[in-house]
Amino acid sequence: MAPSGSRSIKKGCQRVLYWIPVVFIVLIVAWSYYAYVLQLCIESIENTGEKVVYLLVYHVIFIMFVWAYWQTIFTKPMNPLKEFHLSYSDKELLEREDRGESQQEILRRIAKDLPIYTRTNSGAIRFCDRCQLLKPDRCHHCSVCDKCILKMDHHCPWVNNCVGFSNYKFFMLFLAYSLLYCLFITATDLQYFIKFWTNGLPDTQAKFHILFLFFSASMFSVSLASLFIYHCWLVCKNRSTLEAVRSPVFRHGTDKNGFSLGFSKNFRQVFGDEVKYWPIPVFSSLGDGCSFPTCLVNLDPEQPSSPTGSNPANKGAAEGRQFPSKPLRESQSRLLTSTPSWTESDSATEKEKKGASNPGMTIENEA
Ligand SMILES: [Zn+2]
Ligand SMILES: [Zn+2]
C-alpha cells in the first residue's frame, strides 16, 4: 500500500510543479497588462486620440492571444481510436509469444486492416507497450502525459500540455498572437522608452514600468519570432517537430517529405479549408489525426511499377494483401483530389492516371 500511496503523492506534486511555467507566463502577462494599459496608456500618454487607438488595438490582440493560449492549454490531446488498441484475445496471444518475430507476425496481421504506413527504424510495426496499441502514423507516446498522442509535435512545458493533432493550430496561433502582442508593445512603447533616457517623462513610477515593458517585450519578441518562423517552416513542409528531428520511416525507407502534399495542402491540413477560421482559435484542422495522406518521394523498391506520386489508397493496392485499399476518408480526399473517387474497383492504371493529373501528388524534389 505504502509504495503506491507515495507514488500518487509524488505524481500529485509533479502535476502541481508542471503548472509553474504556465503561472509564470500568466503573471508576466498580467503585469504587462497593468503596465501597458494603466501606466503607459492612461497615466503617461496625453494625446487622447493616440490613447484610444493604442487601447483598442491592444485589447483586440490581447483577447486573441489569451484565447489562443487558453485553447492550447486546455484542449485535450487526442489519443488513438479504439480500433488501434489490441483486443483482449490479441493481448493474450501476444503475451504468450516470447519471440520478437512471432509477435511481429501477430502485429502485422492486426495492422493489415488499419491505415498504418510508417514503421520503426528496423521496419517493424510501431507498437506501444504501455498503451497496448498499434501506433497510428505520426503518433508518439509522450512520457510526461503517459499516453500515445496523435500527430505528436512536442510536450510543451509553457502550456503544460502536449502539442499535437488536436491543438497544433491553437499553438501556432498562440505563437503568432504572442509575437504580435510583444511587437505591438515594443513599437508603441519605443518613443516613451526614448523619452525615459532623455528625461522627457515625468518623475513617477510609470517610467520604470515603461522601461521594463520595452525590455521584456523586445526580448520575448526575438525568442517568439524564431520559434514562430521555425513552426511556419514545419507547417509548410508538413512535419512535426519530432519528424524534423527524426524522419518518418515508410516501407520503402526513411522519407522526411513523406507527408508533404505541397504548401497549400500542407497549410490547409493544419488550418482547414475555410479562410474565416484561419485566424481564430477554433478547431478547423482536416482529418481524424489517425491517418494522413502521404506523398511518397522515393519509389518503393518492392513495387517497380508504382507511380511516382502515391497516396495511401494506391499504395495499399500496390502492397496487395498487406494493406487493403480503402476509400479515403472525406478530409483526405479533399486534400488529395477534387474528385474523391478512390475505390477498390479502380484499376492500378486508372489510379496512375489520376495520380499524374493531381497537382497534390507531384513529387517534392528536395535535398
Ligand atoms: Zn503509448
Ligand atoms: Zn505530453
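**A friendly first look at this predicted model**

1. Setting aside neighbours within four places in sequence, Tyr 177 is in contact with Ile 61, Met 64, Phe 65 and Ala 68. Please keep in mind that the model is predicted.

2. Next, have a look at helices α2 (residues 20-44) and α3 (residues 48-74). Their axes are 11 Å apart, and the two helices pack at an angle of about 170°. Because angles over 145 degrees count as roughly antiparallel, α2 is described as roughly antiparallel to α3.

3. What do the two helices bring to their contact? From α2 come Val 22, Tyr 33, Tyr 36, Val 37 and Cys 41, and these meet Lys 51, Tyr 54, Leu 55, Tyr 58, Phe 62 and Ile 73 of α3. Sorted by class, the contact of α2 with α3 has ten nonpolar residues, one charged residue and no polar ones.

4. The UniProt record, an unreviewed entry, carries the annotation "transmembrane region" for residues 16-36, 52-70, 170-188 and 208-230. In the model, residues 16-36 are 90% helix and 0% strand, with the end C-alpha atoms 30 Å apart. Residues 208-230 are 100% helix and 0% strand, and here the end C-alpha atoms lie 33 Å apart.

5. Is Trp 197 buried or exposed? This residue sits in helix α6. Trp 197 counts as exposed because it has 9 C-beta neighbours inside 10 Å, and 12 or fewer is the cut-off for that class. From C-alpha to C-alpha, Trp 197 is 9.4 Å from Leu 211, with the two residues 14 apart in sequence.

6. Arg 15 belongs to helix α1, residues 2-17. With 10 C-beta neighbours inside 10 Å, Arg 15 counts as exposed. Arg 15 and Asn 160 are 145 residues apart in sequence, yet their C-alpha atoms are 9.3 Å apart in space.

7. Finally, which residues of helix α9 (residues 263-271) are buried? They are Asn 266, Arg 268, Gln 269, Val 270 and Phe 271. Just after α9 comes Gly 272, which takes a positive phi of about 95°.

Technical notes
Residues numbered from 1 in each chain as written. Chains lettered and ligands numbered in written order. Predicted model: local features only at pLDDT ≥ 70, side-chain atom pairs only at ≥ 80, totals over all residues. Contact = placed C-beta atoms within 7 Å. Buried ≥ 20, exposed ≤ 12 C-beta atoms within 10 Å, placed from the backbone. Helix = DSSP H or I, 4+ residues; strand = E, 2+ residues; numbered from the N terminus. Axes fitted to C-alpha atoms, helices over the stretch in contact; angles between N-to-C directions. Parallel < 35°, antiparallel > 145°, perpendicular 65-115°, else oblique. Nonpolar A, V, L, I, M, F, W, Y, C, P; charged D, E, K, R; others polar. UniProt positions renumbered as here; feature names shortened; annotations may be inferred.
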